Amino acid sequence: MVLTRRSSALQQTFPLLHALVAGDAARIAATCTQQEAAKCGPGNLSALMLAIVLDWDPVIPHLIAAQVPLDAKLTHSYSEAQVQKWLAAAQLTDRAVLRQELVAGQSALDMALSLNKPHTAAVLVAAGACLQPLLYEHRFTPYQHVAVGLVREQVRHYALAQSWNRGLCNIPAALLGQLSLLAVQLGQLEHCLTLLQAAVYRSVQLSLEEADALMREAASKGHYPRLLVLRALQADQPAAALAVLQAVEAAQQQRQEETQQHQQQQQPPTLRAEHLSELLISASAKGFLVIVMQLLQMGADIWPVLEQLPATASGASMEKFMHPTVAAVLLPQLAERYAAGSLQMSSSEQLALLLRCLSLSNQVMACLKTLHVAAARQLVLGAEEAAIVLKAVAKQGQPAIDQQQASLTAEDTYEALSTCVRLSNSTELAKVALAVGAPLSRNQASSLAQRAAHKDQAAMLELLLTAGAAVDTQLATAVVYSLSLACLRLLLKRGPLPVDSSVWTKQWLRQYTCPVLFLLELFSERKKDDTRPLRMLEALLAAGHRPTVYRNVVMPYTADAQDLWDPLKENLEDFPRNGAARWLHLALDSTGWSPATHWQHPPQLHRAFRTVLLAGAQGRRGQVEQEQHASSFSAQRHRLAATGLRFTEAGSRPSSGNLLAQLPTEVLLHIMHLAARPLSAWLALEKGGDAADDDDEEEEDEEEEEEEEDY
């Protein structure tokens with residue numbers, strides 16, 4: 001290169017560009033700094049472009065490392081005067097490649113593709129260059145050549161593969177939309193959805209141009225917006241579905257801004273009302289709340305979603321069409337919209353539908369508010385609709401229906417109460433059902449009472465007894481079997497429990513109709529540390545119940561008549577006395593505790609009484625020592641007085657002795673006799689303590705007998 005005045009000025013202003021033109025590798029390396037790499041010549045010609053057209057490909061990685069502008073575009077073409085003047089100074093006017101490549105709008109990637117340089121293009125793509133040259137096939141004339149088309153296709157596939165190797169988090173934000181469009185063009189829809197989901201997670205919004213191009217390209221390949229959203233929802237990619245919906249909304253906005261002269265076929269595809277409803281149903285079932293809210297914002301109708309709820313649905317079946325996450329947010333909003341008047345409700349069927357959904361999703365306050373608003377607007381449920389709603393509310397235990405809103409048949413009331421009993425904690429709702437519905441028959445009330453007793457629901461049992469349930473041996477058996485002390489006390493307040501003249505229950509199961517005998521029989525099936533049977537027995541005994549001795553009874557199975565039959569003596573196999581069962585038989589012994597029966601009582605009582613006896617014995621020994629000390633003290637004082645010396649008392653006076661030791665033996669034993677009952681209180685002090693103390697029981701008994709003798 002001949003050095004002229006113009007070239008000298010070029011060297012001073014653009015030393016890196018001058019070194020590339022001169023072909024001086026040493027100067028290229030010396031001037032390849034971040035400051036020089038950022039400079040662009042006339043027409044925005046960058047050092048990267050110049051290196052590509054002058055075949056200095058080895059220095060391209062160094063230029064990229066120096067942060068040369070990757071996406072710079074020419075603002076002037078080869079024929080313009082400003083460019084010609086610069087080329088003349090650089091002595092490059094005779095280069096045909098410059099005449100071909102210096103076209104306004106060209107980028108470095110355009111030049112690499114046009115000059116059939118796949119390696120250089122791949123390096124630019126890997127460095128994060130803009131992918132527009134790969135997306136629009138007929139943008140520049142040189143791309144029409146077959147060879148260039150093949151190189152371009154290779155680089156397109158490389159760009160998509162490179163994005164996965166780089167990782168979604170490392171892809172430049174500006175390339176996410178371009179890569180999504182490229183994935184659709186290459187027929188890789190799953191990659192497109194994944195890229196769109198990454199864009200949403202990274203809060204990257206597609207441009208209007210990218211959104212419009214993406215929707216048009218997807219539609220041209222048969223992937224209409226509805227199918228794209230469904231595909232994303234089915235793949236559990238809610239963010240991708242949201243990105244598609246946002247792209248559709250952006251395309252629709254762009255279409256509205258376009259002039260009326262455009263033809264319908266040139267406009268981007270949109271979503272019809274039925275498509276929005278279909279997508280809303282799918283998103284609601286999947287639990288993608290953001291998608292649901294976006295679809296509602298786009299005008300989707302909520303009622304097709306709610307109408308999927310069957311008439312006999314439960315909370316579990318509701319979750320199949322509306323995820324709890326969606327229900328927790330959407331349903332209260334619907335109730336607020338109805339109260340505000342923005343949600344149109346044209347019939348009582350729709351009111352019942354919304355109330356059922358609210359109740360099954362535990363939206364109690366929203367359910368009550370909706371009922372009050374509906375009543376104010378004179379929209380009242382019919383009898384059939386009210387029954388369905390009440391059953392749904394009952395399954396959740398919510399007292400949400402008042403007398404003005406419902407009217408139930410006896411069968412409806414029975415079914416609602418059955419649900420209340422099954423789910424527990426629904427007493428308030430049961431009161432409402434009884435007040436609103438037709439009265440229960442005696443058989444219905446008795447059946448429900450037995451079920452309430454089996455589930456230990458004393459409050460529900462009291463309500464059903466008031467409603468007419470019969471207190472018979474079947475109910476007593478259910479109460480005893482459930483070991484519900486609260487239910488037993490409730491029945492005992494009404495008087496003694498009934499005892500059938502038959503030995504066993506009417507179903508001819510081997511369950512004694514006598515509650516005491518049935519409890520003794522039942523205890524063999526219970527755990528050792530379960531004190532409930534003993535507390536139940538103590539309550540029965542306190543109410544006057546005793547084991548039944550049958551007179552003139554016909555025995556089941558044998559049909560033999562017995563004048564006098566005591567099951568505790570005749571059927572010993574039904575009433576085990578070993579292990580923990582011995583406490584029940586001990587409770588039946590009316591004599592209670594005595595020194596003779598002390599060994600039969602729980603170890604907890606043994607330890608307590610042993611402490612009392614030890615304290616009494618220690619107190620008695622102390623009292624004897626105190627009396628001896630007092631006698632010696634008196635003799636010493638008399639001796640000193642005889643010598644004429646005055647005696648001065650020092651120290652404390654003798655105490656009155658241990659009060660426990662002063663009690664008569666009969667009184668102390670009577671106190672211990674009273675304290676030994678109830679046995680359940682002693683067993684409750686230390687559950688499971690029997691096993692730990694059984695080994696030492698005999699030794700303790702011997703020590704206690706010795707202490708009693710000493711006392």
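Predicted model: local features only at pLDDT ≥ 70, side-chain atom pairs only at ≥ 80, totals over all residues.
Residues are numbered from 1 along each chain as its sequence is written, and side-chain values use heavy atoms, with hydrogens and water left out.

Colleague: Which helices each supply at least two residues of the lining of the largest pocket?
Modeller: A pocket is an open set of points on a 1 Å grid over the protein atoms alone, where a 1.4 Å probe fits, with protein on both sides within 12 Å along at least five of seven lines, and lining residues have an atom within 4 Å of a point. The lining includes Glu-538, Leu-541, Ala-587 and Leu-588. With helices taken as DSSP runs (H or I, at least four residues) numbered from the N terminus, the helices that each supply at least two lining residues are H33 (532-542) and H35 (582-588).

Colleague: Is His-601 buried or exposed?
Modeller: His-601 is placed in the loop between H35 and helix H36 (603-642). Leaving aside neighbours within four places in sequence, its contacts (heavy atoms within 4.5 Å) include Trp-583, Trp-593 and Leu-679. Since buried means under 20% relative accessible area, exposed over 50% and partly exposed in between (1.4 Å probe, protein chains only), His-601, at 1% relative accessibility, counts as buried.

Colleague: Which side chain does a polar contact of 3.0 Å join to that of His-601?
Modeller: A polar contact is a pair of N or O atoms within 3.5 Å, where within protein one must be able to donate a hydrogen and the other to accept it, and residues adjacent in sequence count only if both atoms are side-chain atoms. The side chain of His-601 reaches the backbone oxygen of Thr-597 at 2.9 Å. At 3.0 Å, the side-chain partner of His-601 is Arg-677.

Colleague: With which side chain does the side chain of Ser-114 make a polar contact?
Modeller: Ser-114 belongs to helix H9 (residues 108-114) and is buried, with a relative accessible area of 10%. At 2.8 Å, the side chain that Ser-114 contacts is that of Glu-101.

Colleague: How many disulfides does a search of the whole structure find?
Modeller: Cys-32 is buried at 18% relative accessible area, and Cys-487 is buried at 0%. With a disulfide taken as a pair of cysteine sulfur atoms within 2.5 Å, the number found in the whole structure is zero.
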